[in-house]
Amino acid sequence: MRDKDKSSTSPPAAELSVEQKLLTDSRFRLMVQQIRDYAVFMLDPKGYILSWNEGAQRIKGYSASEIIGKHFSIFYSPEEVKAGKPARELEMSKSAGSLELEGWRLRKDGSRFWAGITITPLYEADGSLIGFNKITRDFTERRQLEDALQKSRNMFERLFETSPDAIVVVDGSGAIRKVNQQAEALFGYMREELIGQRVERLVPERFLRSHRQYRKSYFQDPRPRKMGIGLELYGQSKEGREIPVDIMLTPIETSEGTWAYAVIRDITRQKQSDAKIRELNTALKSQIEQLEASNHELEAFSYSVSHDLRAPLRHVIGFVDLLNNRNPEGLDDKSLHYLQVITEAAKKMGNLIDDLLSFSRMGRAEMMKSRLDFGQLVRDIVRDLAEEAKGREIEWVIGTLPEVMGDAAMLRQVAYNLLANAVKFTRDRSRARIEVGALQEEQETRFFVRDNGVGFDAAYLSKLFGLFQRLHRNEEFEGTGVGLAIVQRIIARHGGRVWAEGTVGGGATFWFSLPQNGVR
């Protein structure tokens with residue numbers, strides 16, 4: 001027997017003989033000492049610790065020399081001690097014969113662990129209490145797992161109840177086991193009216209037979225899938241109203257077998273929107289067809305008028321030439337001037353007819369797309385224009401121009417019209433500068449033709465690409481007002497766009513874009 005200090009935490013010396021009574025079997029004592037997963041220790045009748053095993057040291061952090069002789073209330077919080085919890089648990093174990101409980105306990109370092117505890121009172125043969133056997137296990141990891149699972153359940157329950165879609169859980173026999181708030185709102189039932197009922201209560205009568213068959217086949221091969229792919233599905237409310245729905249099924253395994261988790265979405269508004277879209281598409285298609293018919297008629301009319309005007313125009317020019325050649329000495333100067341005006345006007349009208357025919361053809365001609373070296377195309381046009389601009393000083397700045405996909409003849413017309421305009425509208429400059437370049441964007445390539453010519457008033461920008469629209473008088477710069485309209489039509493047919501920038505006297509920049517892959 002060890003000598004002990006007579007401190008307030010030690011049991012009376014006379015009661016230490018209880019330890020001998022409890023631990024007389026050395027083999028039992030050795031076994032208890034070697035158990036590492038359990039804290040096994042003994043208390044005297046007043047709760048003072050008499051023995052301490054290796055498992056107790058591992059779980060609670062105290063060595064045997066530190067803890068033997070201390071009151072077991074050291075493992076409780078001060079609030080629990082003040083409330084009498086340690087003593088109450090001992091009394092409860094005596095009343096029950098053995099007490100099993102769980103709760104938070106303290107380690108030596110002050111940290112808490114979740115303990116699974118068994119308290120067993122020990123008695124002499126005469127029935128007198130000699131102490132308590134206490135076994136404690138550290139269930140902290142299990143408690144954390146249970147807390148995590150409970151949080152998951154709570155989160156699932158919140159998501160289940162607050163889902164914007166109706167949710168109905170059905171067991172393998174077709175009985176409804178669980179519904180959420182949205183299911184109550186969608187179908188008009190209280191959940192108490194649905195739990196335990198057949199799911200067919202929510203199915204219109206005309207679909208009952210097929211639904212039973214579908215339910216049976218689903219549970220034969222349960223997997224996540226959309227219900228009735230390609231079919232229109234309907235639910236039925238308590239009032240008998242049919243509701244168009246989409247349903248997603250997911251199997252869930254339970255202790256009672258496989259259940260189906262059905263997420264049901266009300267698509268009434270979607271159906272209404274789809275119907276409205278179909279109505280608008282039909283109307284739009286009709287308008288497009290009417291517009292295309294009008295365009296075809298207008299193009300046919302333009303072509304016919306332009307073609308039919310050629311013959312009388314040739315007659316006018318021909319008869320003027322006959323008059324000039326027949327007797328030029330018999331005509332006075334005024335008459336000769338009149339004939340010259342007629343000739344020039346006829347030629348101008350001829351040019352206008354040619355441009356109008358070209359414009360009409362650009363709307364009707366079949367496009368033959370291919371890869372095109374736009375840089376070479378521009379250089380060829382510059383060579384042609386240089387012949388027409390002999391005697392002028394023009395600085396050509398041609399940047400790196402990429403290959404494009406498009407109709408070669410049409411894109412040549414675009415480049416020619418823009419470059420010819422640049423040459424024309426820089427005519428008054430002693431040194432003209434014309435720049436051609438390109439910018440690569442993610443979805444498109446942007447081309448520009450920039451000059452230092454007379455420019456234009458930005459207030460009239462909207463008129464630039466209109467048919468027969470001109471911002472300069474014919475006496476200043478000749479033209480028909482069709483060239484830029486042709487440019488816009490060709491680029492539009494290629495899926496691109498046109499725009500321009502300029503100021504009066506400050507030159508102009510004309511832009512057009514082409515999709516990267518040749519289509520948009």
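Modeller: We can begin with helix α6, where P86, E89, L90 and S93 are buried. These residues cover an arc of only 100° around the axis, which puts them on the same side of α6. This is a predicted model.

Biologist: What covers the buried residues of α6?

Modeller: The cover includes β1 (39–43), α5 (78–82), β2 (99–106), β3 (112–123) and β4 (129–138).

Biologist: Which residues of helix α10 are buried, and which are exposed?

Modeller: L208, H211, R215 and Y218 are buried in α10. Down the axis of α10, the buried residues fall within an arc of 80°, so they line one face of the helix. On the other side of α10, the exposed residues are R209, Q213, K216 and Q220.

Biologist: Why do residues three or four places apart point the same way in an α-helix?

Modeller: An α-helix has 3.6 residues a turn, so residues at that spacing point the same way.

Biologist: What do the buried residues of α10 pack against, and how far does the helix reach?

Modeller: They pack against β7 (225–226), β9 (242–254) and β10 (257–266). Helix α10, residues 208–220, has 13 residues and reaches 19 Å from its first C-alpha to its last, close to the 18 Å expected.

Biologist: Now the aromatic rings. How many aromatic pairs does a search of the whole structure find?

Modeller: The search finds 17 aromatic pairs. In one of them, the rings of F72 and Y76 have their centres 5.6 Å apart and their planes at 90°.

Biologist: Why is the pair of F72 and Y76 called edge-to-face?

Modeller: Two rings pair if their centres lie within 6.5 Å, and planes over 60 degrees apart count as edge-to-face. The centres of F72 and Y76 are 5.6 Å apart and the planes are at 90°, so the pair is edge-to-face. Both F72 and Y76 are buried.

Biologist: What makes the pair of F156 and Y261 tilted?

Modeller: Planes under 30 degrees apart count as stacked and over 60 as edge-to-face, with the rest tilted. For F156 and Y261 the angle between the planes is 45°, with 6.2 Å centre to centre, and the pair is tilted. F156 lies in helix α7 (residues 140–162) and Y261 in strand β10, so the pair ties together parts that are 105 residues apart in sequence.

Biologist: Is F156 buried, exposed or partly exposed, and which label does Y261 get?

Modeller: Buried means under 20% relative accessible area, exposed means over 50%, and partly exposed is in between. F156 has 39% relative accessibility, so F156 counts as partly exposed. Y261 has 16%, so Y261 counts as buried.

Biologist: Which residues do ring pairs link into a cluster?

Modeller: The cluster consists of F41, W52, Y62 and F75.

Biologist: How do you know where the charged end of R137 sits?

Modeller: A charge sits over a ring if CZ of Arg is within 6 Å of the ring centre and within 35 degrees of the ring normal. The charged end of R137 sits over the ring of Y38, 4.7 Å from its centre. Likewise, the charged end of R497 sits over the ring of W499, 4.3 Å from its centre.

Biologist: Why does E388 count as exposed?

Modeller: The relative accessibility of E388 is 59%, and the cut-off for exposed is over 50%, so E388 counts as exposed. E388 is in helix α13 (residues 374–388).

Biologist: What makes Q488 partly exposed?

Modeller: The relative accessible area of Q488 is 36%, which lies between 20% and 50%, so Q488 is partly exposed. Q488 is found in helix α15. Leaving aside its neighbours within four places in sequence, Q488 is in contact with F465 and V498.

Technical notes
Residues are numbered from 1 along each chain as its sequence is written. This is a predicted model: local features need pLDDT of at least 70, side-chain atom pairs count only at pLDDT 80 or more; totals for chains, interfaces and linings use all residues. Side-chain values use heavy atoms; hydrogens and water are left out. Helices (H or I, at least four residues) and strands (E, at least two) are DSSP runs, numbered from the N terminus. Buried means under 20% relative accessible area, exposed over 50%, partly exposed in between (1.4 Å probe, protein chains only). The expected span of a helix is 1.5 Å times one less than its number of residues. The arc is that of the directions from the helix axis to the C-beta atoms. Contact means heavy atoms within 4.5 Å. Rings of Phe, Tyr and Trp (its six-membered ring) pair if their centres lie within 6.5 Å; planes under 30 degrees apart count as stacked, over 60 as edge-to-face and the rest as tilted.
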